[in-house]
Every structure is written in C-alpha cells, then in structure tokens.
Amino acid sequence: MTTTNRVMLVDGMALLFRAFYATAMSNYYMINSKGIPTNGVYGMMKHMFTAIETYQPTHVICCWDMGSKTFRNDLFPDYKANRGAPPEELIPQFDLAKEVVEALDIPNVGQVGYEADDCMGTLSRAYSEHSQVFLLTGDQDLLQLLQPNVHVVLLKKGYGNYAEYQEGTFTEEKGITPQQMIDLKALMGDSSDNYPGVKGIGEKTALKLLLKYGSIEGILENIEELTKGQRTKIEDSLDMLHLSRRLAAIHCEADVDCSLEEALFYIDDKKMGAKFDELEFKNWEKNIVRM
C-alpha cells in the first residue's frame, strides 16, 4: 500500500536518557544561568531533528512514560526494581523536555499506568492502516511491533547512525518473526527489566525451541520431545513463563489518541528559537536544526 503520510513516533524517554548519559559521563550537564541542567534535552533535540532530517516525516508525535509504576508492576512487583533513581541532574529535564516538545507544536502523548512503548504500539497500530510509521527509539523491545507499514529505527552510537528494521529484513536477520520476540523474551527473561523467564534457559536454547515449535504453546504441546533438562526447567517455571510473556508484550490497547491533524509537523521558527534561547542552548542553529 502506498501512502503519502510518514508518521514518526518518538520514544521521548529513550532519547532523553541516551542524550543525558552521553555527556553526563564526563560531568557535562550544560547548567544554564538559572541553575537548570539542559544536557539531556539539548541532546534529545539533536537526536530528534537529525532523525527528522533523515526520514522526512509529515507527522511527528513524542511518547512518554508517565511515572515509574505501570500495570506491569501490579503483575510483578519486582519489574524494573533493579533500576536506581534517576540522577538529580536528569530529574528537572523530564518536564523540561516535554515543554520544549510542546514549543515545537509536537504532541506529547502518555498514559498513567503504561509505558511509552505501549503508547507507541497503540498509535502505530492505528496509523499504519493508512500511513507509513517510523518508531524512533533505542529500545529493541519495539521490534515486536514491526509489520508491513511499521519500521523501527534504532539509535546507534553518535548522531544520525541508525539500524532500521522492516518486518522482512528482521525475520531474515533474526530467523524469527517480530511476534515471536515476545515468546523469546518470555523464555529467556530480561535482566534489564528484571524478570527471569525460565531459569536456566538462555537466548540460544530459547531461539532453538521457537524455531522448532513456533511458540510457547507449540513448545508446551511437544514438551515430551524436549531434553530432560529443558523439560524440567520449563515445568518448574511454568507460572513465571506465562507471567514473563505478559510483561514482555507491548500493550497495543492503551487509552491514547492523537489525530493526524494535531501531529502535522510544522515548526514555528520564532516559537522554537524563543524556547531554545530561553534555555540558553548554545549554537543551536548549527548543532540542532539543520533542516
């Protein structure tokens, strides 16, 4: 299907964190005369405008986590419990980033109880019927959302370096479908999100089982065929396997909505310049906006 709309959904959290840590490592927080650190927001803008220049979207929306607790914490209280509090220099930049996005007339979208991923999943399902969708993120979890009109653009080191995935190329490279990624994570767990999956089963075994049996259901239906070790591990972790799958799956029915009219990408140069100058962004005409 050909479409003229090119919708870019931006993972605000992923871009902000990545930009913050890139300069925080050398204690460079870009603190302005009001005492506000701006390094994360500055870098986030640079990431966003570089991607906009590269992919030329007609519409742009920025998605956010809303607070640290989500429905996944209700399912599994230890979900992401391994993550410490954000550094104090980053905390004021969460609201600041949203303010700057608003000054660009780009809608900020989020829902309490859900992650930015869930909002991106929900909106990508809605838009992909009639538009080409690009998901800009640093998070590989979003690869499960790939479908014919949905591409995932993963940020790599530096600015303007991407690994772009399409449904077909993903399957060629990984050997599994985007949908099977959910079952892969359910089997092997996810240390960064802090859920265990099946204890003792790593990526290699999980991939082997999925390639042979297709899904968790397929594996369970043929559990007699598994080695004694594999079978024991899965049977001992059955509840956690099913729970891990619910944690791994991006929830595409979040209660978020944004019309394409609202998301039409058009920058008011005066408004943007006033905001960037107010925050004392240095050399922004050269470093951020090269469109």
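## Strand β2 and its partners

Strands here are DSSP runs of E with at least two residues, helices are runs of H or I with at least four residues, and both are numbered from the N terminus. β2 and β3 (residues 108–109) pair in the parallel sense over two bridges, where pairing requires that DSSP finds at least two bridges between the strands. β2 also runs parallel to β1, and five bridges join these two strands. Within that pairing, V7 has H59 in β2 as its bridge partner.

Where do the side chains of β2 point? H59, I61 and C63 face one way, V60 and C62 face the other way, and all are buried. In a regular strand, side chains alternate between the two faces of the sheet.

## About the model

This is a predicted model, in which local features need pLDDT of at least 70 and side-chain atom pairs count only at pLDDT 80 or more, while totals for chains, interfaces and linings use all residues. Residues are numbered from 1 along each chain as its sequence is written, and side-chain values use heavy atoms, with hydrogens and water left out.

## Helix α1

Helix α1 covers residues 12–24, 13 residues in total, and reaches 18 Å from its first C-alpha to its last, close to the 18 Å expected at 1.5 Å a residue. That expected span is 1.5 Å times one less than the number of residues.

Which residues of α1 are buried? They are G12, M13, A14, L15, L16, A19, F20 and A24. These buried residues pack against β1 (6–11), α2 (39–55), β2 (59–63), α4 (91–103), β4 (132–137) and β5 (150–155).

## Salt bridges

The structure holds 15 salt bridges, each defined as a side-chain nitrogen of Lys or Arg within 4 Å of a carboxyl oxygen of Asp or Glu. Side chains of opposite charge can pair when their charged atoms come close. One of these bridges joins R72 and D118, whose closest N and O atoms are 2.7 Å apart. R72 lies in helix α3 (residues 71–75) and D118 in helix α5 (residues 116–127), so the pair ties together parts that are 46 residues apart in sequence. R72 counts as buried because its relative accessibility is 3%, and D118 counts as buried at 0%.

R83 and D193 meet through their side chains in another salt bridge (2.9 Å, N to O). This pair links distant parts of the chain, with R83 in the loop between α3 and α4 and D193 in the loop between α7 (180–188) and α8, 110 residues apart. R83 is partly exposed, with a relative accessible area of 44%, whereas D193 is buried at 5%. A further bridge brings together the side chains of K174 and E173 (3.9 Å, N to O). K174 is partly exposed at 32% relative accessibility, and E173 is exposed at 53%. Salt bridges that share partners also join R83, D141, K185, D190 and D193 into one network.

## The loop at G214

G214 sits in the loop between α8 (203–213) and α9 (216–221). Is G214 buried or partly exposed? With 31% relative accessibility, G214 counts as partly exposed. Leaving aside neighbours within four places in sequence, G214 is in contact with Q180 and L209, contact meaning heavy atoms within 4.5 Å. The C-alpha atoms of G214 and T177 are separated by 9.6 Å, and these two residues are 37 residues apart along the chain.

Methods
Buried < 20%, exposed > 50% of the residue type's maximum accessible area, 1.4 Å probe, protein only.
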